[in-house]
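This report covers a pocket, strand pairing, backbone geometry and aromatic contacts, in that order. The sequence and the structure come first.

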2 protein chains.
Amino acid sequence: MTDIKKLSASAPIGVFDSGVGGLTVVNEIISQIPSERIVYFGDTARVPYGGKSKETITMYAEQIVRFLLEQGVKAIVVACNTASAYALDTLEKEIDIPIIGVVKPGAKTAAETTKNGRIGIIGTEGTVGSRIYEQYISRISPASHVVGKACPLFCPLVEEGLLDDPVTDEIARRYLEGMKGSGIDTLILGCTHYPLIRTTIERVMGKDVALVNPAWETAHALKDLLTEEGILNPEAGDADLKKHRFYVSDSAEKFGRFASTVLKYEGISAETVRIEEY
Amino acid sequence: MTDIKKLSASAPIGVFDSGVGGLTVVNEIISQIPSERIVYFGDTARVPYGGKSKETITMYAEQIVRFLLEQGVKAIVVACNTASAYALDTLEKEIDIPIIGVVKPGAKTAAETTKNGRIGIIGTEGTVGSRIYEQYISRISPASHVVGKACPLFCPLVEEGLLDDPVTDEIARRYLEGMKGSGIDTLILGCTHYPLIRTTIERVMGKDVALVNPAWETAHALKDLLTEEGILNPEAGDADLKKHRFYVSDSAEKFGRFASTVLKYEGISAETVRIEEY
């Protein structure tokens, strides 16, 4: 570790995701620590990450981290569950600035939320197959029982805009049937797309199951981390959203339009980066 | 053009796709010209291509073609509609061996099949947005009228195995509603995944609409091309399917299992290639 205290508190925070899903985490960061500047990278040319191997995802994450370091970021948020599950351990060893993923904060909240010790986790094949949420939860609360279920169609359904639709209901019923019968009282939305179909998931699971969205807790954990490290930006938060920067590996125009919708401010422009050269 | 006649007729044929869909084209080639050896590349690390930009897809296709050339192929088949739509023109100028895509053969068959001159094309956003099928069809049959519709959920539904399922029926009804009312008598399955839900599409469109699968016609066009160029492999076709080779950019094991199912022979093993280094 180099002396991270020397890092300028005014440096930006790097946030990355396989595509647009990580913008839900950006939203939380802007809302909780508005003084921070964000450099976002969305790997839109190689999205999705969910069904791909650990080796491939780790290589992609390493390239993105090299790009973000070149932008002078003081900390990195892996705003993608699959990349957090597969690559965070490796990345932590390779860089000397603070880095956090979405899995650990999500696991912590779930362990604190459950009353009966039975927690469900839904996500991509990669995230669920890695059993990473189970590992974190069992460290905090060894007696907990965790049930996982991969939901590969949720992302395409969200991207097709079927957020409140009988087809999404039907698919959710099939995916969550076993989960419902397992007696869980807490369910982690282990993919950044899932909060967008929260209403559907709630309808299927019923009101007695608490839904955990790791995005909120991740922004919170980031604030704590920056404070601990003494690198929280001391400036007052301002409404100048133009200070954030956005990069993608595919079409910048398409991303800019989508980001404007998610982040609810107009005129977001992104820049395309040839990420495989990093 | 170098003298392609010098190319050894016994050299293999390169076939590539964004992932596994191109195996339906491989199946047709094996069945129509069993004497040929195939070197297949599936870009499973960067799949899907359907919603990505022309620039990105062209760059990916160029890398794959460089890899295939290194394997000593005598001809290349772009067994992916999106890559054919976006990159074929560029690739044709860059290499000096014969190269064909799936679009032109599919367009030709559709133009020959229609009786009322009204043709539908379904595919990815990239394929449909490029209007490439319309361009080819209007050259063959200028009076034809072509209706296109992108069906982004069909691929994930096929990959989730919902080949004959009420959800796929419902999505197909929504996508194809406008198509049904447009009076077409011929519909091109403009994505290599779609033949796997042919029954569903047939059920929605009704028996009076002929479905065109470009895979069959592509294998046929390849045979004609090899014959014209004098590089058709003169050996008798044999049952030694082990002669074919498979490469992917992500997990070889996962692909091998899937390919064995599609190609209906056991023990297919693939090899992982770091395609971004090409």
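## Pocket lining

The second largest pocket has 20 lining residues, and A:I99, A:I100, A:K104, A:A221 and A:L225 lie nearest its centre. A pocket here is found on a 1 Å grid over the protein atoms alone, as an open set of points where a 1.4 Å probe fits, with protein on both sides within 12 Å along at least five of seven lines; lining residues have an atom within 4 Å of a point. This is a predicted model, in which local features need pLDDT of at least 70 and side-chain atom pairs pLDDT 80 or more, while totals for chains, interfaces and linings use all residues. Residues are numbered from 1 along each chain as its sequence is written, chains are lettered from A and ligands numbered from 1 in the order in which they are written, and side-chain values use heavy atoms, without hydrogens and water.

The space in the second largest pocket is about 490 Å³, a volume being the space filled by probe spheres set on the grid points, which are joined across faces, edges and corners. In chain A, α3 (81-94), β4 (99-101), α4 (103-113) and α10 (214-229) each supply at least two residues of this lining. The most comes from α10(A), with 7 residues. Helices (H or I, at least four residues) and strands (E, at least two) are DSSP runs, numbered from the N terminus. By class, the lining holds 11 nonpolar, 2 polar and 7 charged residues. Nonpolar covers Ala, Val, Leu, Ile, Met, Phe, Trp, Tyr, Cys and Pro, charged covers Asp, Glu, Lys and Arg, and polar covers the others, Gly among them.

## Strands of chain B

Strand β2 (residues 38-42) and strand β9 (residues 245-248) of chain B run parallel and are joined by 4 bridges; pairing requires at least two bridges found by DSSP. B:F41 is opposite B:Y247 of β9(B). On to strand β10 (residues 270-272) of chain B, β9(B) pairs in the parallel sense over 3 bridges, with B:Y247 opposite B:E271. Together with helix α11 (residues 252-263) of chain B, β9(B) and β10(B) make a right-handed β-α-β unit (with the strands pointing away from the viewer, the path from the first strand over the helix to the second runs clockwise).

## Backbone geometry

The peptide bond from A:V47 to A:P48 is cis, with omega near -5°; A:P48 is in the loop between β2 (38-42) and α2 (54-70) of chain A. In chain B, a cis peptide bond joins B:V47 and B:P48, with omega about -5°.

A:K264 is exposed, at 69% relative accessible area. Exposed means over 50%, buried under 20%, and partly exposed in between, with a 1.4 Å probe and protein chains only.

## Aromatic pairs

Over all chains there are 18 aromatic pairs. Rings of Phe, Tyr and Trp (its six-membered ring) pair if their centres lie within 6.5 Å; planes under 30 degrees apart are stacked, over 60 edge-to-face, and the rest tilted. A:F67 and A:Y278 have ring centres 5.3 Å apart and planes at 85°, so this pair is edge-to-face. A:F67 is in helix α2 and A:Y278 in the segment after β10 of chain A, 211 residues apart. A:F67 is buried at 2% relative accessibility, whereas A:Y278 is partly exposed at 26%. Ring pairs link A:F41, A:F67, A:Y247 and A:Y278 into a cluster.
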